[in-house]
Amino acid sequence: LGQVNGLISLIKDLLDIERLESGKLEFEFTAVDVEDIIDISCDTLKPHIKSKNLTLSKDFPESSLVGDEDRLIQSFIALLANAITLAIPGSNLALSATQKDEIVDFSIAFTCDDLTVIIDDAVFEKYKRSTLPDPSSYGGSPLGLALAKAVVERHGGLVSIAETELEISKARQVAFYMKVPVTRRSGTPVSLAFPVKEGVPA
């Protein structure tokens, strides 16, 4: 049953990407509470969070933005499902959102002990081979990150992944980021800097 559901999610995401790229995927832009994006995503993936004995910490403002609520939640769920997949069992997922200069910056920080995973933005590319494990067992889809990238860019925003600490150890501190303008900027991506490793050009 799990494999069937994963295949259905994969096909659905592929169709959504194709419709979005052809301009046939409709968006409904309304006022969206930042809290709802985070809370609904967590509730949706609650069984998977519980299955890995993960704890959650949340920090977000009482604010809103203009966007397609369902699509933004779908995008955040894709990031969260991959974070759950990578996170060490029994560790913490730190979910936060901050607003600065008309941009809401969502982040999901976690600890990963898989040293084979390559942490770079290639994980968001549709047809590029990724070292990330398949998130299907934790409520995600192999194409979830690619769809999240397309949806967030449609809102004029950006997604990224980065290591947040540089110490060489058996554990890696990693975070997914989703930056979305408070007001609609469809087709005009914001220019924002994401965290980068020391010694690596931005």
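Biologist: Which residue stands opposite Ala109?
Modeller: Ala109 stands opposite Ala175, which is in β7. This is a predicted model, where local features need pLDDT of at least 70 and side-chain atom pairs count only at pLDDT 80 or more, while totals for chains, interfaces and linings use all residues. Residues are numbered from 1 along each chain as its sequence is written, and side-chain values use heavy atoms, with hydrogens and water left out.

Biologist: How many bridges do β5 and β7 share, and in which sense do they pair?
Modeller: They pair in the antiparallel sense, over 10 bridges. Strands pair if DSSP finds at least two bridges between them. Strands here are DSSP runs of E with at least two residues, helices are runs of H or I with at least four, and both are numbered from the N terminus.

Biologist: What about β4 and β5?
Modeller: Strand β4 (residues 92-100) pairs with β5 in the antiparallel sense too, over 7 bridges. Thr98 stands opposite Asp105 of β5. The hairpin of β4 and β5 has 2 residues between the strands, and Asp101 there takes a positive phi near 55°.

Biologist: Is β5 mostly covered or mostly open?
Modeller: Mostly covered: 9 of the 10 residues in β5 are buried. Buried means under 20% relative accessible area, exposed means over 50%, and partly exposed is in between, using a 1.4 Å probe and protein chains only.

Biologist: What does Asp105 do with its side chain?
Modeller: Asp105 meets Lys179 in a salt bridge, at 2.7 Å from N to O. Asp105 lies in strand β5 and Lys179 in strand β7, so this pair ties together parts 74 residues apart in sequence. A salt bridge here is a side-chain nitrogen of Lys or Arg within 4 Å of a carboxyl oxygen of Asp or Glu. Side chains of opposite charge can pair when their charged atoms come close.

Biologist: And Lys179, buried or exposed?
Modeller: Lys179 counts as buried, at 8% relative accessibility.

Biologist: How many salt bridges are in the whole structure?
Modeller: A search finds 4. One of them joins Lys58 and Asp39, at 2.9 Å from N to O. Lys58 sits in strand β2 (residues 55-59) and Asp39 in helix α2, so parts 19 residues apart in sequence are tied together. Lys58 is partly exposed, with a relative accessible area of 39%. Glu163 also forms a salt bridge with Arg172, with the closest N and O atoms 2.9 Å apart, and both Glu163 and Arg172 are buried.

Biologist: Back to helix α2: which residues are buried there?
Modeller: In α2 (residues 34-44), those are Val34, Ile37, Ile38, Ser41 and Cys42. Seen down the axis of α2, the buried residues fall within an arc of 115°, so they line one face of the helix. That arc is taken from the directions from the helix axis to the C-beta atoms.

Biologist: New topic: how many aromatic pairs are there?
Modeller: The whole structure has 4. One of them is Phe110 with Phe176, which is stacked, at 6.0 Å centre to centre and 25° between the planes. Phe110 is in strand β5 (residues 103-112) and Phe176 in strand β7 (residues 172-181), 66 residues apart. Rings of Phe, Tyr and Trp (its six-membered ring) pair if their centres lie within 6.5 Å; planes under 30 degrees apart count as stacked, over 60 as edge-to-face and the rest as tilted.

Biologist: Which residues do the ring pairs link into a cluster?
Modeller: Phe110, Phe124 and Phe176.
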